[in-house]
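Trainee: I'd like to learn how to read salt bridges in a model. Can you walk me through it?

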There are 2 protein chains.
Amino acid sequence: MTAIHESPIALKLGAFVALSDAELSVLDELHRRRRTFLAGRDLVLQGQSDQSAYILASGWACSYKLQASGSRQIVDFQVPGDFLGLRSILFRTADHTIEPVTNVEASEVHARDLLNAFSRTPKLATAVLWAASRDEAMVVEHLVNLGRRNARERTAHFLLELGARLKLVGLATNAGYECPLSQYMLADALGLTAVHINRVLRELREDGLLTFQKGRVTFDDFDRLVASVDFDKTYLDQDGPLLR
Amino acid sequence: MTAIHESPIALKLGAFVALSDAELSVLDELHRRRRTFLAGRDLVLQGQSDQSAYILASGWACSYKLQASGSRQIVDFQVPGDFLGLRSILFRTADHTIEPVTNVEASEVHARDLLNAFSRTPKLATAVLWAASRDEAMVVEHLVNLGRRNARERTAHFLLELGARLKLVGLATNAGYECPLSQYMLADALGLTAVHINRVLRELREDGLLTFQKGRVTFDDFDRLVASVDFDKTYLDQDGPLLR
DNA sequence: CGACTTATTGAACAGTATCAAAAAGGGTGG
DNA sequence: CCACCCTTTTTGATACTGTTCAATAAGTCG
């Protein structure tokens, strides 16, 4: 038996509020309707029509916005424990597309079930709203990243953020993590060219800071890396002692 | 007597849902606790501690994030009818600062009152959540702006967005609008240098597209401007016929 | 193996920043 | 109403960061 509290979503929410067994089992129920999505096949979430969100159980996804010119901006990547399209059921839809980066396992969550769960376990509601709020803080931080950091800082900051997020669900350590992103995807997230990303990664590697290779990010000198790009992860709000 | 439905917030929410007189008066009650804030004096909204939001009645504000290096990234400007710090009461706090750009009149809204109003008038709740969702769509669009548009497109797109938002509350037409922003502020919002913004503005003016001068934005050729930067305002979600 | 995607490198170029300085506004006290 | 100070706008010259184009190498998958 897989312990409920070991699912990524439980680990993640548990970092914000301590969840009781009862609450964990409500969460587990939400997490039952498992589906598999194939890498690259759009998991289009065009709002209105679509009344369900997903909880990502394994694999990575990304949300992006396409331009008329054909270029795209990746808004964020989603890793296990993250919601996909949460906003489109809490609010009205955001108008971006979600696409699995790898093959993905996710459970469908209907608006009704979620709201239902909320009313039964308010603490769960708090935790989910925390997650939504954190998602937005990340988008804001990405804005700062694009607006006020150079390619090197931007790249390092982003990979550090992913590390911190993955650590929360047990998929990373300060040594590094498995990362299925291509340099093209990284480029689309960071507002850079894949060519330039490649040079920046080489530089970071040659400076002994981090290595992005063969589907893995390795922090060669975590502390120096954090210092060199001024990475302050308070916006991720995952440090504090468990609240409540 | 000032008709309730002529307040900026009523105009704005009314563009999304048709509000009855009863709903308008609930909105009006929320809008009673008026305060004045002086330009430049931080209206710090550091989350947790602060349990109230504001509805902006007149003047402009901006929300930004400061870097250790001293540079800042403005996330968005708020214009009449917008909420300030809405997220910090619906959710947990976002970690940015809000500062009035001009002297500002705003009414304080306590979390309790808002939630109270929601339960009395669900349609108002829908409208407020729509506003919050729209705010997020704007941040995402700003991300695209920084990541995938050059200085010229970026500047024009941003000024067009502000125009569309102000039009909704009767403060702009396709001819232009009063704009209290300095070129430095524009620079901090667009991830550019004030010097470069200045050159871009000159170029746009010389091309007969728009004029940014003396506290006013003038669209010299609105249609050509929209076409030239591929401005698609569907993300603002303010076109449709009134829903419901 | 062969076709395709991804990673890597070079050289030339474009866009934006930086530094510096002058001009133009705007507000304030006398 | 003027003189002065301070902020904002404007312009030039130069340096640099990141792009573009092009080509090769290295993986990956059927």
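Mentor: Let's go through the salt bridges here, pair by pair. This is a predicted model, where local features need pLDDT of at least 70, side-chain atom pairs count only at pLDDT 80 or more, and totals for chains, interfaces and linings use all residues. Residues are numbered from 1 along each chain as its sequence is written, chains are lettered from A and ligands numbered from 1 in the order written, and side-chain values use heavy atoms, without hydrogens and water.

Trainee: What counts as a salt bridge, and how many does the structure hold over all chains?

Mentor: You look for a side-chain nitrogen of Lys or Arg within 4 Å of a carboxyl oxygen of Asp or Glu. Over all chains, there are 32.

Trainee: Which residue does A:Arg72 pair with, and where do the two sit?

Mentor: Its partner is A:Asp188, with the closest N and O atoms 2.7 Å apart. A:Arg72 lies in strand 4 (residues 72-78) and A:Asp188 in helix 7 (residues 183-190), 116 residues apart in chain A. Those elements are DSSP runs numbered from the N terminus: helices are H or I with at least four residues, strands E with at least two.

Trainee: Is A:Arg72 buried or exposed?

Mentor: Buried means under 20% relative accessible area, exposed over 50%, partly exposed in between (1.4 Å probe, protein chains only). A:Arg72 is buried at 16%, and A:Asp188 is buried at 18%.

Trainee: What about chain B?

Mentor: B:Asp188 and B:Arg72 form a salt bridge at 2.7 Å, N to O, and both are buried. B:Arg224 also bridges to B:Asp221, at 3.0 Å; B:Arg224 is partly exposed at 41%, and B:Asp221 is partly exposed at 27%.
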